[in-house]
Amino acid sequence: MTVDGVGQDYLTRQVGALLEAIREEGPVGEGRRSFRLAGHLAAEGGFHLGDILAATAQLLAVHAWNNGYLAAAELLTRRMRDFGAESAELVQHLVRLETGCEQGWLLREDREALIDYARRARRPDIEQRAQAIEPLLPGVTGPERPDRMASES
């Protein structure tokens with residue numbers, strides 16, 4: 001195993017520890033342990049501190065929302081924005097990207113916004129993944145492409 005492999009394994013464990021802390025702190029927790037672990041992960045993994053803290057706040061907010069704690073979710077969402085507008089925007093686009101990849105499609109306007117963001121941020125990795133997602137046209141109820149629909153009728 002190479003030194004890079006060892007470092008990557010360590011970062012993977014740190015990410016796992018962060019996710020576990022988010023689950024353990026519960027949906028109404030302040031996220032103290034989670035934010036502390038996120039700070040360490042940023043320092044050790046070379047991540048932008050605002051980005052990892054914003055992502056942590058987003059995960060905590062989703063956890064709170066999913067458990068019915070709407071006020072806590074709102075508070076954590078506001079806190080996410082405190083870590084910087086660029087970091088909050090990145091997190092929102094990454095959530096959109098992961099959702100689109102998972103379901104195989106995105107609304108056309110969301111897909112285009114994601115591609116525009118990737119170009120502005122000079123993130124060809126995000127642009128490439130976004131372009132691989134099928135655009136869903138308004139009024140279409142599934143991930144079918146218009147050319148497939150036309151050929152089937």
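1. Helices here are DSSP runs of H or I of at least four residues and strands are E runs of at least two, both numbered from the N terminus. On that basis the protein has 8 helices and 2 strands, and from the N terminus on the elements run α-α-α-α-α-β-α-α-β-α.

2. The model is predicted: local features need pLDDT of at least 70, side-chain atom pairs count only at pLDDT 80 or more, and totals for chains, interfaces and linings use all residues. Residues are numbered from 1 along each chain as its sequence is written, and side-chain values use heavy atoms, with hydrogens and water left out.

3. Two overall figures come next. Buried residues make up 33% of the 153 residues, where buried means under 20% relative accessible area, exposed over 50%, and partly exposed in between (1.4 Å probe, protein chains only). Of the contacts with a separation of 6 or more, 51% join residues 24 or more positions apart; contact means heavy atoms within 4.5 Å.

4. The largest nonpolar core has 22 residues, of which L18, I52 and M80 touch the most other members. Such a core is a set of buried Ala, Val, Leu, Ile, Met, Phe, Trp, Tyr and Cys residues joined through side-chain atoms within 4.5 Å. The elements giving two or more residues to this core are α1 (3-25), α2 (32-45), α3 (49-66), α4 (70-82) and α5. The largest share, 7 residues, comes from α3. Apart from this core lies another, of 10 residues, among them L97, L106, L114 and A118. In soluble globular proteins, nonpolar side chains tend to be buried together.

5. Leaving aside neighbours within four places in sequence, I52 is in contact with A38, L41 and A42. T56 is found in helix α3 and counts as buried, at 1% relative accessibility. With the same exclusion of neighbours within four places, T56 is in contact with L18, I22, S34, F35 and A38. A17 lies in helix α1 and is partly exposed, with a relative accessible area of 24%. The C-alpha atoms of A17 and A38 are separated by 9.5 Å, the two residues being 21 apart along the chain.

6. The axes of α5 (residues 85-103) and α7 (residues 124-131) come within 10 Å and cross at roughly 35°. Axes are lines fitted to C-alpha atoms, for helices over the stretch in contact, and angles run from 0 to 180 degrees between N-to-C directions. The contact is made by L90, L94, L97, E98 and C101 of α5 and I126, R129 and A130 of α7. These residues divide into 6 nonpolar, no polar and 2 charged, with Ala, Val, Leu, Ile, Met, Phe, Trp, Tyr, Cys and Pro counted as nonpolar, Asp, Glu, Lys and Arg as charged, and the others, Gly among them, as polar.

7. In α7, I126, E127 and A130 are buried. Seen down the axis of α7, its buried residues fall within an arc of 100°, so they line one face of the helix; the arc is that of the directions from the helix axis to the C-beta atoms. The buried residues of α7 pack against α5 and α6 (108-120). The face turned away from the buried side of α7 carries the exposed residues P124 and Q128.

8. R122 deserves a look in the model. R122 lies in the loop between α6 and α7 and has a positive phi of about 55° although it is not a glycine. Most residues other than glycine have a negative phi. At 74% relative accessibility, R122 counts as exposed.
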